[in-house]
Amino acid sequence: MHVLLDATAVPADRGGVGRYVDELVPELVRAGVQLTIACQGRDGELFAELAPDAEVIVVGPHLERRLLRLVWEQVVLPRLIRRVRPDVVHSPHYTMPLATRTPVVVTLHDATFFTTPELHLRAKARFFRAWIRIAARRAAALVTPSLATRDEVVRLVGADAAKFYVAYHGVDHERFRPVSNPEAARVRATLDIGDRDYVGFLGTLEPRKNVTALIRGWVRSCTGLDNPPALVLAGGKGWDDALDAAIAAVPPHLVIRRPGYLPLGDLPGFLAGATVLAYPSRGEGFGLPVLEAMACGATVLTTRELSLPEVGGDAVAYCGTDDASIEAELRALLNDAPRRAALAEAAIVRAQTFTWAAAAQAHLRAYEAAFS
């Protein structure tokens with residue numbers, strides 16, 4: 001099976017889509033896929049390192065802007081397909097080339113552009129709603145990272161359920177695993193919180209992640225505590241206009257930090273070192289930070305929205321998306337060390353069932369169905 005993977009949509013910050021493609025590529029090669037990767041110049045060396053047996057084609061000019069990349073995808077990519085002559089094209093981020101007869105597999109990461117459009121920038125929501133509809137109609141096969149996402153797309157756009165293949169994300173178990181106390185202490189020292197315990201969050205600081213409600217719930221959960229935990233919000237700055245005001249309203253005796261992106265090598269120590277890893281999202285296509293925290297033995301508090309119960313199962317604690325529910329469940333966890341330990345142990349076991357090798361096999365089934 002020869003697959004042309006269009007990785008030009010991978011963002012420079014290697015966020016969720018970038019992590020998905022980066023982890024999937026070497027496993028596809030191990031699964032026997034003859035892989036050709038089209039990518040932007042900044043990613044050429046990375047993909048050559050991740051998959052030495054793959055052919056890497058660097059394209060340009062720079063395609064960082066969505067419109068420029070879309071024009072490249074619709075005008076130039078079909079020519080590349082004719083030259084490479086793959087069996088299947090994989091478009092891993094919603095959009096797809098339309099002017100090709102080669103079967104195309106498209107990954108649809110979530111359906112929140114339909115279900116909660118107010119949590120996205122208006123133009124972005126319109127753009128991805130349109131392309132989800134197009135992909136559902138035109139793609140030979142569709143990949144989603146969860147049953148919830150598949151079911152939502154089928155319900156919302158009338159897609160054919162038979163075209164879908166669910167490929168749960170995996171986790172790099174060599175990197176994301178319980179760490180030693182010195183390693184957790186090393187990362188803690190970079191957070192400027194002293195020797196305080198901390199509640200951690202990892203993800204883009206945007207409305208869909210519900211960070212402002214987390215801040216308010218954390219403040220309320222700290223009432224009456226002699227040594228309240230800090231709140232550390234790790235991740236890129238999104239467009240949440242209410243975030244600064246929520247941070248400004250935090251009482252001065254409480255400690256809140258926003259360190260931005262953490263180095264990949266620091267993530268296990270950050271996740272494992274948190275007293276609670278809180279991720280009260282209002283909707284996810286999968287929820288990779290939850291899985292990675294589980295693999296590190298963190299006590300995770302998340303919601304039952306969309307895909308998150310498929311990831312967490314019985315190995316995480318759940319709350320609602322409102323301030324009061326976050327407060328109540330966070331307070332209960334902070335006051336119950338035995339429960340935190342039990343959840344952490346169960347999380348490690350459950351996380352072992354999610355692998356990128358299994359994800360690659362699910363993609364391979366989608367490729368074979370598209371080619372047949």
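What volume does the largest cavity have? About 30 Å³. Before the details, two short notes on how to read this structure.

The model is predicted, so to speak of a local feature here the pLDDT must be at least 70, side-chain atom pairs count only at pLDDT 80 or more, and totals for chains, interfaces and linings use all residues. Residues are numbered from 1 along each chain as its sequence is written, and side-chain values use heavy atoms, with hydrogens and water left out.

1. **The cavity.** Rolling a probe the size of a water molecule over the atoms shows where empty space is left. On a 1 Å grid over the protein atoms alone, a cavity is a set of points where a 1.4 Å probe fits but cannot get out, while a pocket is an open set with protein on both sides within 12 Å along at least five of seven lines; lining residues have an atom within 4 Å of a point. Grid points are joined across faces, edges and corners, and a volume is the space filled by probe spheres set on the points. The count comes to one cavity of 30 Å³ or more. Its lining is made of Asp-110, Ala-111, Ala-148, Thr-149, Glu-152, Glu-284, Gly-285 and Leu-306. By class, these are three nonpolar, two polar and three charged residues (Ala, Val, Leu, Ile, Met, Phe, Trp, Tyr, Cys and Pro count as nonpolar, Asp, Glu, Lys and Arg as charged, and the others, Gly among them, as polar).

2. **A pocket to compare.** The second largest pocket holds about 160 Å³ of space. Look for Asp-197, Leu-225, Asp-226, Asn-227, Pro-228, Pro-229, Thr-275, Leu-334, Asn-335 and Arg-340 around this pocket. Four nonpolar, three polar and three charged residues make up its lining.

3. **Paired rings.** Rings of Phe, Tyr and Trp (its six-membered ring) pair if their centres lie within 6.5 Å; planes under 30 degrees apart count as stacked, over 60 as edge-to-face and the rest as tilted. There are nine aromatic pairs by this rule. Phe-113 and Phe-128 are a stacked pair, because their ring centres are 4.9 Å apart and their planes stand at 20 degrees. This pair links distant parts of the chain, 15 residues apart: Phe-113 belongs to helix 5 (residues 112-115) and Phe-128 to helix 6 (residues 122-138). Helices (H or I, at least four residues) and strands (E, at least two) are DSSP runs, numbered from the N terminus. Both Phe-113 and Phe-128 are buried (buried means under 20% relative accessible area, exposed over 50%, partly exposed in between, with a 1.4 Å probe and protein chains only).

4. The rings of Phe-286 and Phe-354 have centres 6.1 Å apart and planes at 70 degrees, so they are edge-to-face. Here 68 residues separate the partners: Phe-286 is in the loop between strand 11 (276-279) and helix 12 (288-295), and Phe-354 in the loop between helix 15 (337-351) and helix 16 (356-371). Phe-286 is buried at 3% relative accessibility, and Phe-354 is buried at 6%. Elsewhere, Tyr-94, Phe-113, Phe-127 and Phe-128 form one aromatic cluster.

5. **Charges over rings.** A charge sits over a ring if NZ of Lys or CZ of Arg is within 6 Å of the ring centre and within 35 degrees of the ring normal. Arg-66 lies over the face of Phe-127, at 5.0 Å from the ring centre.

6. **Backbone angles worth a look.** Most residues other than glycine have a negative phi, and most peptide bonds are trans. Tyr-94 has a positive phi of about 75 degrees although it is not a glycine. You will find Tyr-94 in the loop between strand 4 (88-91) and strand 5 (104-107), buried at 2% relative accessible area. Asp-192 also has a positive phi, of about 60 degrees. Asp-192 sits in the loop between helix 8 (181-189) and strand 8 and is exposed, at 53%.

7. **An enclosed helix.** Why is helix 9 (residues 211-221) called largely enclosed by the rest of the structure? Because eight of its 11 residues are buried. Among them are Val-211, Leu-214, Ile-215 and Trp-218. The buried residues of helix 9 pack against strand 8 (198-202), strand 9, helix 10, strand 10 (256-260), strand 11 and helix 14 (323-334), where contact means heavy atoms within 4.5 Å.
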